Amino acid sequence: MKVSELARLAGVTAETVRHYTREGLLHPERHPENGYQLFGHDDLDRLRFIQRARTLGFGVAEIRDILDHADHGDSPCPMVRDLLASRLPQIRARIRELESLAARMEQALAAWQEMPDGTPDGHSLCRLIESFPEPLNAGHETGEETR
């Protein structure tokens, strides 16, 4: 099957198929006469596997490693477990950061609800942002910026 047919069967775009092919995750045959990339049912299974791995947060390089292990007859499962186990605390920390950001945004919107708009005058750029309290660890003394 051609790129477009594989993409349709897998529910992805043709560009996704081309991207994974360029990244070495899919290995199509070449039609001897016209040079078209031709994919088989194994490629469809592999593409579906790649999509499942992406939904679990694996990146292209990690998926390449997983597929390389499998292609060489080695079980990638221990590596997959280790990757997820090490990533989960990072994801939970990022969720906490985003929840904190959302709370600050809600606080700012509530405080700004009745504030008038200002015009930059050389002393003030945007009263809304300037009225928002600075973080406690702003890092001004050390010259470091905070996120």
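Buried means under 20% relative accessible area, exposed means over 50%, and partly exposed lies in between (1.4 Å probe, protein chains only). Keep those cut-offs at hand for this tour.

This is a predicted model, where local features need pLDDT of at least 70, side-chain atom pairs count only at pLDDT 80 or more, and totals for chains, interfaces and linings use all residues. Residues are numbered from 1 along each chain as its sequence is written, and side-chain values use heavy atoms, with hydrogens and water left out.

**Stop 1: a surface patch**

Select I91. I91 sits in helix α5, residues 77-112. Helices here are DSSP runs of H or I with at least four residues, strands are runs of E with at least two, and both are numbered from the N terminus. Is I91 buried or partly exposed? Its relative accessibility is 42%, so I91 counts as partly exposed.

Together with I91 they form a nonpolar patch on the surface, with about 250 Å² of accessible area. Accessible areas come from the Shrake-Rupley method with a 1.4 Å probe, and for residues only the protein chains shown count as cover. Patch residues have over 30% relative accessible area and no salt bridge; like charges are joined within 9 Å, and nonpolar side chains (Val, Leu, Ile, Met, Phe, Trp, Tyr) within 5 Å.

**Stop 2: the nonpolar core**

Select L6, V17, L26 and L47. These residues have the most contacts inside the largest nonpolar core, which has 21 residues. Helices α1 (3-10), α2, α3 (41-55) and α4 each supply at least two residues of this core. A nonpolar core is a set of buried Ala, Val, Leu, Ile, Met, Phe, Trp, Tyr and Cys residues joined through side-chain atoms within 4.5 Å. In soluble globular proteins, nonpolar side chains tend to be buried together.

Zoom in on L26. Which residues does L26 contact, leaving aside neighbours within four places in sequence? They are L6, V17, Y20, T21, F39, D43, R46, L47 and I50. Contact means heavy atoms within 4.5 Å.

**Stop 3**

Show α2. Its buried residues are V17, Y20 and T21. They cover an arc of only 105° around the axis, so they lie on the same side of α2. The arc is that of the directions from the helix axis to the C-beta atoms. These buried residues pack against α1, β2 (37-38), α3 and α4. Then click G24, which follows α2 and has a positive phi, near 85°.

**Stop 4: charged pairs**

How many salt bridges does a search of the whole structure find? It finds 6. A salt bridge is a side-chain nitrogen of Lys or Arg within 4 Å of a carboxyl oxygen of Asp or Glu. Side chains of opposite charge can pair when their charged atoms come close.

Select E15 and R18. Their side chains meet in a salt bridge at 3.9 Å, N to O. Both lie in helix α2 (residues 14-22), 3 residues apart, about one turn of the helix. E15 is partly exposed at 41%, and R18 is partly exposed at 37%.

R22 counts as exposed because its relative accessibility is 57%.

Jump to E62 and R87. Their closest N and O atoms are 2.3 Å apart in a salt bridge. This pair links distant parts of the chain: E62 is in helix α4 (residues 60-71), R87 is in helix α5, and they are 25 residues apart. E62 counts as buried at 17%, and R87 is buried at 19%.

**Stop 5**

Select Q37 in strand β2. At 17% relative accessibility, Q37 counts as buried. Not counting residues up to four places away in sequence, Q37 touches M1, K2, V3, T21, P28, E29 and R30.

Next, click G40, in the loop between β2 and α3. G40 is partly exposed, at 28%. The C-alpha atoms of G40 and E29 are 8.6 Å apart, and these residues are 11 apart along the chain.

Finish at S4 in helix α1. S4 is exposed, with a relative accessible area of 51%. Its C-alpha atom is 9.0 Å from that of E15, 11 residues away along the chain.
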